[in-house]
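Here is a note for a colleague who has not looked at this structure before. Please read the points with the model open.

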Amino acid sequence: GTAADPVYFVPETDDTVVGDSNNDGGATVPGPGSQRGSVVRAGSGMEHLRVLHGGFGGKPSINFAGGAPVLRDSGIRAGAGNGLTLSAACTGCVVRGCAIQNCLGEAITGVRPNSLPGFLDNVATGNGKDWLQIGGTLGTQLDAVWRPENGLNDTIVLTTGLAVNPGTTLTLEAGLIVKIGPTAVITVNGGLLVNGTAARRVILTDVRDDQHGGDTNKDGGASVPEPGGWNGLTITAPAAPVRMDHLLARYGGVFSPAFQPGMIEVRSAVAELRDVRVDRGASAGFSLRDGAVVERIVAWECVLSGVHLLTGGPARVAHVTTAFNGGHGVYAVASSAFTGELVDTISYGNVLGAYSGIDAGEVRYSNGDPAFDGLDGNIDVDPIFVAAATGDLRLKAGSRCLGAGDPSSPVDAAGA
């Protein structure tokens with residue numbers, strides 16, 4: 001079709017496109033499922049197509065059954081099932097500039113991880129779920145870059161988890177929101193690049209979290225996010241590039257007092273974490289067995305410890321804020337487990353105390369523990385957060401923590 005003259009797939013009861021073609025004087029009207037859906041296979045290309053009232057029997061209005069079909073500048077409306085469903089055999093497809101409206105099921109579902117870059121500038125309104133659902137494995141040698149415009153309302157939904165295989169790198173660009181369903185876990189055995197910015201962080205959160213990306217699950221706010229809403233992010237890549245900048249992770253993790261797994265668990269000696277924050281994790285916020293660079297991380301209101309340091313942890317952990325967690329602010333599994341240094345850290349309001357398993361001399365220019373007060377530049381004061389109850393952990397003017405860090409540390413955005 002063309003913009004001026006699109007192709008229509010409509011039931012015979014539809015009088016809005018070419019008039020009363022069934023000659024019943026308008027006695028019958030179409031509704032969701034008045035016609036069957038369309039099954040599309042490899043090599044199919046469609047532009048300016050309008051599919052109305054499809055999905056008889058709750059089937060999708062359009063089903064990509066295999067290969068790499070193309071759908072551009074098209075619309076799917078009032079279907080009885082999902083708007084667009086992709087089978088597992090469908091990879092490398094393209095869906096751009098399309099609108100999915102008022103279907104009873106999900107807007108777009110079954111997208112494979114390596115196919116997501118082919119989805120661009122689509123919109124969904126009035127569907128049972130206004131989301132683009134994705135899951136599966138990013139296979140070897142199938143690098144992918146995910147951007148906000150690949151999703152719907154800057155958002156994609158993982159309901160079955162995601163695995164990044166060795167030899168593959170997944171890149172998440174600034175402003176992307178990934179909402180994740182129960183028990184789903186993101187496992188990175190390859191590379192991961194998170195390119196968030198201060199103005200547009202990358203966000204990983206519970207699918208019920210309406211604060212970011214809106215009411216994606218379309219329940220009118222009836223459900224609320226909570227710790228353990230998804231199972232967390234685990235990074236095991238031994239040598240692949242892993243760099244996370246300006247990432248916010250919320251409501252993930254698995255509760256386990258014995259092991260304290262982190263919502264973000266790092267077992268990679270090459271991993272770099274900068275400006276990464278964890279809120280309301282079900283166990284620890286961070287679990288760090290390795291890590292080349294760990295700077296400017298935040299853990300707030302996690303069920304157990306904010307930061308869990310394991311044997312072989314990072315040599316230096318700097319500029320940490322860990323506040324109002326249910327365990328310790330920073331917890332090392334044993335005194336011998338952590339042999340690096342903790343610098344420029346604020347640990348405050350944590351139920352079991354500021355630090356555990358960390359020896360004197362390993363904490364410098366930090367705040368929160370009376371045992372370290374006066375030693376190696378450490379202090380023990382109320383940091384005076386801007387709004388601790390809502391998670392705004394910036395420091396108010398007059399806080400003694402401002403300017404109290406290591407004199408050799410870089411100046412931060414506040415000039416301290």
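1. A residue is called buried when its relative accessible area is under 20%, exposed when it is over 50%, and partly exposed in between (1.4 Å probe, protein chains only). P227 counts as partly exposed because its relative accessibility is 36%. P227 sits in the loop between β21 (202-206) and β22. Strands here are DSSP runs of E with at least two residues, and helices are runs of H or I with at least four residues, numbered from the N terminus.

2. On the basis of the note: this is a predicted model, in which local features need pLDDT of at least 70, side-chain atom pairs count only at pLDDT 80 or more, and totals for chains, interfaces and linings use all residues. Residues are numbered from 1 along each chain as its sequence is written, and side-chain values use heavy atoms, with hydrogens and water left out.

3. The overall picture comes next. The protein chain has 36 strands and 0 helices. Its C-alpha atoms fill a box of roughly 90 × 40 × 40 Å along the principal axes. Of the 416 residues, 51% count as buried. A contact means heavy atoms within 4.5 Å. Among the contacts with a separation of 6 or more, 55% come from residues 24 or more positions apart.

4. Pockets and cavities are found on a 1 Å grid over the protein atoms alone: a cavity is a set of points where a 1.4 Å probe fits but cannot get out, and a pocket is an open set with protein on both sides within 12 Å along at least five of seven lines; lining residues have an atom within 4 Å of a point. Grid points are joined across faces, edges and corners, and a volume is the space filled by probe spheres set on the points.

5. The largest pocket has a volume of about 1,500 Å³. Of the 49 residues that line this pocket, R296, V298, H319, T321 and D412 are the closest to its centre. The strands β23 (242-250), β25 (271-279), β27 (293-300), β29 (316-323) and β36 (392-395) each supply at least two residues of the lining.

6. The count of cavities of 30 Å³ or more comes to 1. The largest cavity has a volume of about 80 Å³. Its lining includes W146, L162, L170 and L172. At least two lining residues come from each of β17 (169-173), β19 (185-188) and β20 (191-195).

7. Which residues does P227 touch? Leaving out residues up to four places away in sequence, they are Y251, R280, G281, A282 and V303. L304 is in the loop between β27 and β28 (307-309). L304 counts as buried because its relative accessibility is 14%. A282 is 22 residues from L304 in sequence and 7.3 Å from it in space, C-alpha to C-alpha. With the same exclusion of residues up to four places away, the residues that L304 touches include F255, P257, Q260 and N325.

8. Two residues deserve a look for their backbone angles. Most residues other than glycine have a negative phi. H53 has a positive phi, near 60°. H53 lies in the loop between β4 (49-52) and β5 (62-64), and is buried at 14% relative accessibility. D275 also has a positive phi, of about 55°. D275 belongs to strand β25 and is partly exposed at 23% relative accessibility.

9. Is P238 buried or exposed? P238 counts as exposed because its relative accessibility is 66%. P238 is placed in the loop between β22 (232-235) and β23.
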